[in-house]
Amino acid sequence: RAYNDALNEIDPSDPQTFEPLYVLASGELEAADRENFSVMHAEGHVIRGDARVVSFNGESSSPRFERVVAVVCLDVSAVQVTDAGGRSLVTPERPNVYALSVEFVAGDDRILTMDSSRRVGDDKCAG
């Protein structure tokens with residue numbers, strides 16, 4: 001939820017708002033976030049509305065919780081992304097709620113960060 005809360009605070013026009021998100025990410029997810037938000041800033045994108053975590057279901061973990069995998073159902077129905085001209089960048093096919101398989105890893109400080117995220121079958125969010 002902390003990552004989602006930080007994501008909801010992103011203002012593509014202000015790169016300083018990206019930093020709290022980067023603290024909560026690592027690996028391929030951090031690299032993708034840095035690239036995506038850099039492009040959004042450069043192209044003048046605007047984000048309105050908040051995403052909401054509907055559910056979090058643990059799938060697996062390693063001993064001592066060095067790695068944790070969970071399925072997160074994310075409601076993005078209130079989120080709109082537009083280009084600098086005000087045209088929507090959200091595809092009409094985007095579901096309102098979708099499932100992500102998220103992997104967390106523990107750093108040297110034992111704090112978990114989100115390391116990767118990928119879409120999985122949205123039926124995991126049914127019901």
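**Notebook: aromatic rings and nonpolar cores**

I began with Arg34, which lies over the face of Tyr22, at 4.0 Å from the ring centre. I note that the model I am reading is predicted.

I then looked up the ring of Tyr22 itself. Tyr22 belongs to one aromatic cluster together with Phe18 and Phe37. I recorded three aromatic pairs in the structure. Tyr22 has 7% relative accessibility, and because buried means under 20%, Tyr22 counts as buried. By the cut-off of under 20%, Phe18 is buried too, because its relative accessibility is 4%.

Next I checked Phe18 against Phe37. This pair is tilted, at 5.5 Å centre to centre and 35 degrees between the planes. I found that the pair links distant parts of the chain: Phe18 sits in the loop between α1 and α2, Phe37 in helix α3, 19 residues apart. Phe37 is buried, as is Phe18.

I turned to the nonpolar cores. The largest one has 24 residues, and Phe37 is among those with the most contacts inside it, as are Tyr3, Leu21 and Val102. The elements that give two or more residues to this core are α1, α2, α3, β3 and β5. Which element gives the most? I found that β5 does, with four residues.

I also listed the contacts of Val102. Leaving aside residues up to four places away in sequence, Val102 touches Val68, Val69, Ala70, Val72, Met114, Ser116 and Ser117. Finally, I noted a second, separate core of five residues, including Val71, Ala99, Val120 and Cys125.

Terms used:
Residues numbered from 1 in each chain as written. Predicted model: local features only at pLDDT ≥ 70, side-chain atom pairs only at ≥ 80, totals over all residues. Heavy atoms only, no water. Core = buried A, V, L, I, M, F, W, Y, C linked by side-chain atoms within 4.5 Å. Buried < 20%, exposed > 50% of the residue type's maximum accessible area, 1.4 Å probe, protein only. Contact = heavy atoms within 4.5 Å. Phe/Tyr/Trp six-rings, centres within 6.5 Å; stacked < 30°, edge-to-face > 60°. Lys NZ or Arg CZ within 6 Å of the ring centre and 35° of its normal.
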